[in-house]
Amino acid sequence: GTPKILRTVTKILLIMATSTDNAGSLDVGLTQQLIAKVMEDPLKQISQNSCSRMNHKEVLPNRARSTSYNHNYSVTVDEHKVTSQKASGRCWMFAALNVCRGPLITKYKLPTDFEFSQSYTFFWDKLERANYFLETMIELADEPVESRLIQHLLAAPMEDGGQWDMFVSVVNKYGLVPKSVFPETWSSSNSRTMNWILTHKLRGWAAELREEKDQVHAHVSAPSYTCAFPQPGQSSACPPVFLFLLGWLQRLRRLCCLCQCVACPVLTVQPLF
């Protein structure tokens with residue numbers, strides 16, 4: 001029955017653990033010696049008791065070092081209204097915009113609750129990410145789809161996280177606007193679903209681009225295909241790559257509007273900086 005099977009398995013495991021034929025395996029006798037050595041040391045017993053009854057993060061820190069820190073600072077900054085990224089990964093963007101708004105509030109005596117639009121920079125960041133991803137898919141169209149590079153790029157083409165240089169690039173290109181003229185939307189404050197939708201759409205568009213390039217390779221010679229604009233004598237039935245990309249970006253902007261994500265900036269919204 002079952003008890004007999006369990007006893008048999010236990011015996012087998014015990015034989016495997018005590019066998020000297022398995023190089024590098026744990027020896028039961030050695031483990032017993034180590035346990036006995038630990039139990040002989042009162043300090044190790046105290047450590048064991050503490051860690052078994054309290055959170056390790058509370059037990060392990062060095063108290064003498066933590067109490068030596070001085071949290072009184074000689075340089076302080078003006079306190080303005082706290083901003084919230086809500087359920088999105090825009091911490092890097094909020095931090096950068098908060099750095100920018102402080103001097104502006106002071107210089108122009110603006111209300112302390114003045115904010116730059118985080119949705120505005122969020123939209124352009126998403127569009128730039130989509131453009132980068134689709135351009136990369138075009139460049140790597142001849143790469144096997146099962147390659148580690150393609151699989152890495154397809155794993156998460158649309159995420160929220162970023163860094164300072166990405167923020168600088170977006171601001172230099174598209175500027176900044178007040179939050180009052182470009183407010184938050186549901187998807188900018190709760191980006192998980194939007195990112196899921198955009199990720200699946202981008203993967204689908206990447207597959208279409210690979211198929212389109214295969215068709216172009218079948219009808220156009222390599223030299224004429226490498227140029228972004230049609231060459232004399234090139235068939236109009238074989239559109240250049242940049243037309244493919246333009247179509248995908250237009251579809252992406254429509255998708256953003258339909259999903260109520262960071263709504264597309266209207267032409268009347270002019271950047272302040």
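Modeller: Start with the term pocket. On a 1 Å grid over the protein atoms alone, a pocket is an open set of points with protein on both sides within 12 Å along at least five of seven lines, where a 1.4 Å probe fits; lining residues have an atom within 4 Å of a point. A volume is the space filled by probe spheres set on the points, which are joined across faces, edges and corners. The largest pocket has a volume of about 240 Å³. This is a predicted model, where local features need pLDDT of at least 70 and side-chain atom pairs pLDDT 80 or more, while totals for chains, interfaces and linings use all residues. Residues are numbered from 1 along each chain, and side-chain values use heavy atoms, without hydrogens and water.

Biologist: Which residues line the largest pocket?

Modeller: Arg-129, Tyr-132, Phe-133, His-152, Leu-153, Ala-156, Pro-157, Met-158 and Glu-159. H7 and helix H8 (148–155) each give two or more residues to that lining. H7 gives the most, with three residues. Helices here are DSSP runs (H or I, at least four residues), numbered from the N terminus.

Biologist: How does the lining of the largest pocket divide by class?

Modeller: Into six nonpolar, one polar and two charged residues. Ala, Val, Leu, Ile, Met, Phe, Trp, Tyr, Cys and Pro count as nonpolar; Asp, Glu, Lys and Arg are charged; the others, Gly among them, are polar.

Biologist: What is the volume of the second largest pocket?

Modeller: About 170 Å³. Its lining has two nonpolar, four polar and three charged residues. Among them are Asp-78, Lys-81 and Arg-101.

Biologist: How many aromatic pairs does the structure hold?

Modeller: Six. Rings of Phe, Tyr and Trp (its six-membered ring) pair if their centres lie within 6.5 Å; planes under 30 degrees apart are stacked, over 60 edge-to-face, and the rest tilted.

Biologist: Why is the pair of Phe-114 and Phe-116 called edge-to-face?

Modeller: The centres are 5.3 Å apart and the planes stand at 75 degrees, so the pair is edge-to-face.

Biologist: Why does Phe-116 count as buried?

Modeller: Buried means under 20% relative accessible area, exposed over 50%, and partly exposed in between (1.4 Å probe, protein chains only). Phe-116 has 3% relative accessibility, so Phe-116 is buried. Phe-114, at 14%, is buried as well.

Biologist: What makes the pair of Tyr-120 and Phe-182 edge-to-face?

Modeller: Their planes are at 85 degrees, with centres 5.6 Å apart, so this pair is edge-to-face. Tyr-120 lies in helix H7 (residues 118–139) and Phe-182 in the loop between helix H9 (164–174) and helix H10 (186–189), so the pair ties together parts 62 residues apart in sequence. Both residues are buried. Ring pairs also link Tyr-120, Phe-123, Trp-124, Tyr-174 and Phe-182 into a cluster.

Biologist: Where is Ser-117 placed?

Modeller: In the loop between helix H6 (91–108) and H7. Ser-117 has 1% relative accessibility, so Ser-117 is buried. A polar atom of its side chain lies 3.0 Å from the backbone nitrogen of Tyr-120. A polar atom of the Ser-117 side chain lies 2.6 Å from the backbone oxygen of Phe-182.

Biologist: Is His-200 buried or partly exposed?

Modeller: His-200 has 41% relative accessibility, so His-200 is partly exposed. His-200 lies in helix H11 (residues 191–219). The C-alpha atoms of His-200 and Ala-156 are separated by 9.6 Å, though the two are 44 residues apart along the chain.

Methods. Polar contact = N/O pair within 3.5 Å; in protein donor to acceptor, adjacent residues only side chain to side chain.
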